[in-house]
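Hi everyone, thanks for coming. Please bring up the model on your screens, and we'll walk through it together.

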Amino acid sequence: MAEKEEKVVAAEKPAKKAPAKKKAVKAEPVKEEKKAFPKPTAHDFEVIIEPLITEKTMALMQNANKVTVKVLGSANKIEIKAAFEHIFQVKVTDVKVVNQIAKKTTRGGRYAGTISGFKKAVVSVAEGSAIDLFKE
């Protein structure tokens, strides 16, 4: 008889309720924050001299989102990054700097001369950003 009572007690227990439905919350669209860059100064334009245009730099620009420019000989990576961000209004992820040494040359075997050295920087731009160096 004790067994029957246990079965009855077990049957009388209320069944578990399904979890209550939560109200649908409208998801607000995620706004991408655009970084506000300060206006470029005269020093920024002194730091970046001109872009270097070669087959290799154009391939880097198209495939790896990197821009190669001639820079002031005394400029460091921090100055180059700041100047690039101010002038072109893009986020810079990396800056590599190379000193191109001056080279001696001859013109036609008779005239000796030199090709002047300069400092160049390869600037990596963040994904989704692009720079148009050839604006009309």
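Let me start with a question: leaving aside its neighbours within four places in sequence, which residues is A121 in contact with? Counting contact as heavy atoms within 4.5 Å, the partners of A121 are V67, T68, V69, V71, I80, V95, K96 and V97.

A quick word on the ground rules. This is a predicted model, where local features need pLDDT of at least 70, side-chain atom pairs count only at pLDDT 80 or more, and totals for chains, interfaces and linings use all residues. Residues are numbered from 1 along each chain as its sequence is written, and side-chain values use heavy atoms, with hydrogens and water left out.

Back to A121, then. With V67, V69, I80 and F84, A121 is among the residues with the most contacts inside the largest nonpolar core, which has 17 residues. By nonpolar core I mean buried Ala, Val, Leu, Ile, Met, Phe, Trp, Tyr and Cys residues joined through side-chain atoms within 4.5 Å, and buried is under 20% relative accessible area with a 1.4 Å probe, protein chains only. At least two core residues come from each of β2 (66-71), α4 (77-88), β3 (92-100) and β6 (118-125). Those labels are DSSP runs numbered from the N terminus: helices are H or I, at least four residues, and strands are E, at least two.

Now the sheet. Four strands make an open, antiparallel sheet in the order β1-β2-β6-β3; strands pair if DSSP finds at least two bridges between them. β1 (48-51) and β3 are at the edges with a single partner strand each, so one side of each has no neighbour in the sheet. β3 and β6 share eight antiparallel bridges, and V98 has K120 in β6 as its bridge partner. Helix α4 packs on this sheet, touching β1, β2, β3 and β6, and its direction makes about 125 degrees with that of β3. For that angle, axes are lines fitted to C-alpha atoms, for helices over the stretch in contact, and angles run from 0 to 180 degrees between N-to-C directions.

Last stop, the hairpin. β4 and β5 form it with three residues between them, and G108 in the turn has a positive phi of about 70 degrees. The two strands pair antiparallel over five bridges, with R107 opposite Y111 in β5.

Definitions and conventions: Buried means under 20% relative accessible area, exposed over 50%, partly exposed in between (1.4 Å probe, protein chains only).
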